[in-house]
Amino acid sequence: GRKLEDTLKSLHTEIIEDRNAGQDPTFKGMVLNDLRARLQAMREAKVGPIASFLGKVGTMWYMTSPSIALVQMTQLPILTLPKLAVKYGLGKATSAMRKGLRMAFSKDYTKDKLFGNLEVDALHDWLRMTVTAEMLENRGKNPLADRQLGDKQLGDFLYTKEDIESRYKQLSPEQQRIFILREALARNLLDISAAHEAYSLTQGKDPNSLTNKAFRLAMAPMRLSELASRKAAILSTMELSKEQGKGFFDTIKDVGEVVNDTLYSYSTANKPAVLQGGTARVLAMFQWYRIMTALRIGLMFKRSIAAETPEIRAAAQKEFIGIMGMTALLAGTLGLPLAKTVFSALDAIADDDEPRDSELEFRKWAAERFGPEFGKIFTHGLPAAAGLNLTKRIGLDNLYGFQSEPPPRLHGK
């Protein structure tokens, strides 16, 4: 809270300085007002009994089926892999993703293993260790401590980035992975997910009540799958960054970008002030994936047409094509964005005397054009070859339209 207040004060000072220098501070003013509104909403936000009850009912219906665990993990190939492929190349990204998935399910990288390693714990303490009044009072008494303290003042970080990077390089590869996961946990990249949001909304006054314990048990498949997805994304990104010779700070920056852009942040602070109240959070909880994916794909499409630089435009085009390609591969052409909207529009303009089912006509055309088996794969993706139809569960067809059923990634039945 104190750090956020300091950030707001610093931004306010910058706005005054910009105004005095004749610069336009409008954008910074908008950012400041939004941050203030979010901070106020966080302080005042309360989850009442009605919101808690609605959240519990909705969560039990949508997010407790074991199948949701597998469905949720399709975000990795559909959203995360294309982003990694643009940045590091498809071959390297695919290889790193496979390795990341293996490590995500390994006993070597459970949350318990993130703590207790003396070297990792010590280095993680270094990250946030600041100069204290006691250190300043003892200045001049210990040459070794004085050398580290230097001319630093109260509140300054005791160890520099160079100190951190040097010690990070001395860790073993396994310790480096644990250290990255530990810092990802500290930055809310590892465990602040949809399951965490559901817990915070529904636990009520007594988190340890029998009802809440049963609820957490029912949510276990979703929680574990989200944790595995995030660990896989973090470790995959780390491996790719390491191949490029990047140190700790550049690596954790890449990790944050990949996780927030493809698996999203479900933290309350990341949401607009209007969505931080109890009831609003319940309503948004089951639509957050849809909202964020719709915004991301829309922005990506815009950048693929018009961007600040040719490099940004080319990267956006590649990632957009990658997402569309992976969606078509796993959910078929019927799972592509706007597919449902297009078919509904075609049905709406059909003659009233001759009702039309455009989607059925499209499936028939695919079967005639490619044959029954390949036609199913064309319309419903590779899982159709095994007799599975996952289009409604993992597709993006309802991303920009109204849904007559639960969100694709939150089917509980």
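This briefing covers a pocket, some salt bridges and a surface patch. The model is predicted. Its largest pocket holds about 540 Å³ of space. The structure has 18 salt bridges. Five residues form a nonpolar patch on the surface: Leu338, Val342, Leu346, Ile349 and Tyr400.

**The largest pocket**

- Rolling a probe the size of a water molecule over the atoms shows where empty space is left.
- The lining of the largest pocket is made by 18 residues.
- Lys83, Asp261, Arg296, Arg303 and Glu319 are the lining residues that lie nearest the pocket's centre.
- Helix H17 gives the most, with six residues.
- By type, the lining has nine nonpolar residues, one polar residue and eight charged residues.

**Salt bridges**

- Side chains of opposite charge can pair when their charged atoms come close.
- Aspartate 397 pairs with lysine 392 through their side chains, at 3.5 Å from N to O.
- Aspartate 397 counts as buried because its relative accessible area is 1%, under the 20% cut-off.
- Lysine 392 is partly exposed, at 29%.
- One network of salt bridges with shared partners joins Lys83, Lys87, Lys246, Asp254, Glu257 and Asp261.
- Within that network, the side chains of aspartate 254 and lysine 246 meet at 2.6 Å, N to O.
- Aspartate 254 is buried, with 5% relative accessible area.
- Lysine 246 is partly exposed, at 26% relative accessibility.
- Lys83 and Asp261 belong to the network, and they are also among the residues nearest the centre of the largest pocket.

**A salt bridge within one helix**

- Glutamate 359 and arginine 363 form a salt bridge at 3.0 Å, N to O.
- Both sit in helix H20 (residues 358-370), and they are about one helical turn apart because four residues separate their positions.
- Glutamate 359 is buried, with 17% relative accessible area.
- Arginine 363 is partly exposed, at 31% relative accessibility.

**The nonpolar surface patch**

- Together, the five patch residues have about 450 Å² of accessible area.
- Tyrosine 400, one of the patch residues, lies in the segment after helix H22 (391-394).
- Tyrosine 400 has 37% relative accessibility, so it counts as partly exposed.

Terms used: Residues are numbered from 1 along each chain as its sequence is written. This is a predicted model: local features need pLDDT of at least 70, side-chain atom pairs count only at pLDDT 80 or more; totals for chains, interfaces and linings use all residues. Side-chain values use heavy atoms; hydrogens and water are left out. Patches are made of residues with over 30% relative accessible area and no salt bridge: like charges are joined within 9 Å, nonpolar side chains (Val, Leu, Ile, Met, Phe, Trp, Tyr) within 5 Å. Accessible areas come from the Shrake-Rupley method with a 1.4 Å probe; for residues, only the protein chains shown count as cover. A salt bridge is a side-chain nitrogen of Lys or Arg within 4 Å of a carboxyl oxygen of Asp or Glu. Helices (H or I, at least four residues) and strands (E, at least two) are DSSP runs, numbered from the N terminus. Buried means under 20% relative accessible area, exposed over 50%, partly exposed in between (1.4 Å probe, protein chains only). On a 1 Å grid over the protein atoms alone, a cavity is a set of points where a 1.4 Å probe fits but cannot get out, and a pocket is an open set with protein on both sides within 12 Å along at least five of seven lines; lining residues have an atom within 4 Å of a point. Grid points are joined across faces, edges and corners, and a volume is the space filled by probe spheres set on the points. Ala, Val, Leu, Ile, Met, Phe, Trp, Tyr, Cys and Pro count as nonpolar, Asp, Glu, Lys and Arg as charged, and the others, Gly among them, as polar.
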